Amino acid sequence: MSSIQPVRGTHDLIGEDRRRFAHVVETARRVVSLYGFDEWSTPVFEDTRVFSRSLGDTSDVVSKEMYTFEDRGGESLTLRPEGTAAICRALVTNGLTQSLPQKVFYAGPMFRYERPQKGRYRQFHQIGAELLGAAEPLADAEVIAMGRDVLRALGIEGETVLELNTLGDAASRDAWRSALIAYFSAHRADLSADSQSRLERNPLRILDSKDEKDRALVADAPMIAQYLTPDALAFWDGLRRTLDLMGVRFRENPRIVRGLDYYGHTAFEFVTSRLGAQGTVLAGGRYDGLVAEMGGPKTPAIGWAGGIERLSMLLESAPPEPRPVAVVPMGDEAQAASITVLQALRAADIRAETSYRGNMKRRMERANRMNATHAIVIGSDEIARGVAQVKNLDSGQQTEVRMEDIAAFLLAGTPERA
């Protein structure tokens, strides 16, 4: 075994793990396209201000988990810990704030220095979707329904529950914030050190604490429902009504605040009981002030992100590895002809492989080990007549086929004899 191992919190994606991973991304890409979303790609690292401004200095991501470094030019850079802020930065820097709404899908690696655990890594991967430039409850409902449809297409919708909350508008949150400060100040001595430091800066963060002492206090903390303004309540009612019309089932959870500071109004999580205490697999919310933080105009937005590793773990099985066709030359004379056949099959989108050495017996053993559907056997006699022997390795049936017709024969699945 090599003495050099993957860095703690990272992992290799090989074989079945890679197929599961690719299936999640490809399925999400297909589903979001039905809603009119286009894919964007942003750099893996950004100016640190992209995240420190947008995520909030009281969030765990900024205060504890970001991979930040100074490059050789003295610039502070950060490996992206999440995708939303980078998408908002790209919207502004590419001059797209005048072409709204923008519907964006992304997929790629993210980086956070946190304790590795089941399905959670320091380099992890996310799919995500952002609807930028729409302020109506319908936009929120559509984005949530799209997330539900991704889970449904993966066959794991039944393994999850959608939990939904409102964080209200700014006036609602200001009133709620004051009530939370008063409540938690009365219990300051019982709060964890982290929550004590958050009390004045952002008491909503206390609601997201994982500390057992904090959670006991959170259970009796004021809830936002009693502080919602009429406009915020109308938005909340409109969202729930639209989700009902879309057939999206949900469970209200007034304790959902999400882990980042930019959320307002809608907050939601698709959670599962199959992955232990950290059961969120796809989550998001509304963030109407984030584009402005990037130097753009105030722009309403709603989005979600899903952990690819965690979604992969819920799949019943990995998609099967595509079965190849094996090209088996008999002797040096057949090698050149086999290369021509290999490339013709690949040009026809047929997965084709060959062994690089060995006699006929060893090459056929290799074809069986690779679980090939057919063996294309080519010898000097076949070359002289311009044919090949195509053997179905499942049925054992062998058919003589013209060299130029092999791809069509395999694609049609019907005999095309010489």
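Residues are numbered from 1 along each chain as its sequence is written. In this predicted model local features need pLDDT of at least 70, side-chain atom pairs count only at pLDDT 80 or more, and totals for chains, interfaces and linings use all residues, while side-chain values use heavy atoms, with hydrogens and water left out.

**Exercise 1.** Describe how helix H6 and helix H7 cross, and which residues meet.

Helices (H or I, at least four residues) and strands (E, at least two) are DSSP runs, numbered from the N terminus. Begin with the axes, lines fitted to C-alpha atoms over the stretch in contact, with angles from 0 to 180 degrees between N-to-C directions: those of H6 (residues 170–185) and H7 (residues 193–201) come within 9 Å and cross at roughly 140 degrees. Next, list the contacts (heavy atoms within 4.5 Å): Arg177, Ile181, Phe184 and Ser185 in H6 meet Leu199, Glu200 and Arg201 in H7.

**Exercise 2.** Work out the strand order of the open sheet and which strands stand at its edges.

Strands pair if DSSP finds at least two bridges between them, and here 3 strands follow the order E2-E4-E3 with antiparallel pairing. E2 (45–47) and E3 (67–70) each have a single partner strand, so one side of each lacks a neighbour in the sheet. Finally, E3 pairs with E4 (residues 76–79) over 4 bridges, and Tyr67 has Leu79 in E4 as its bridge partner.
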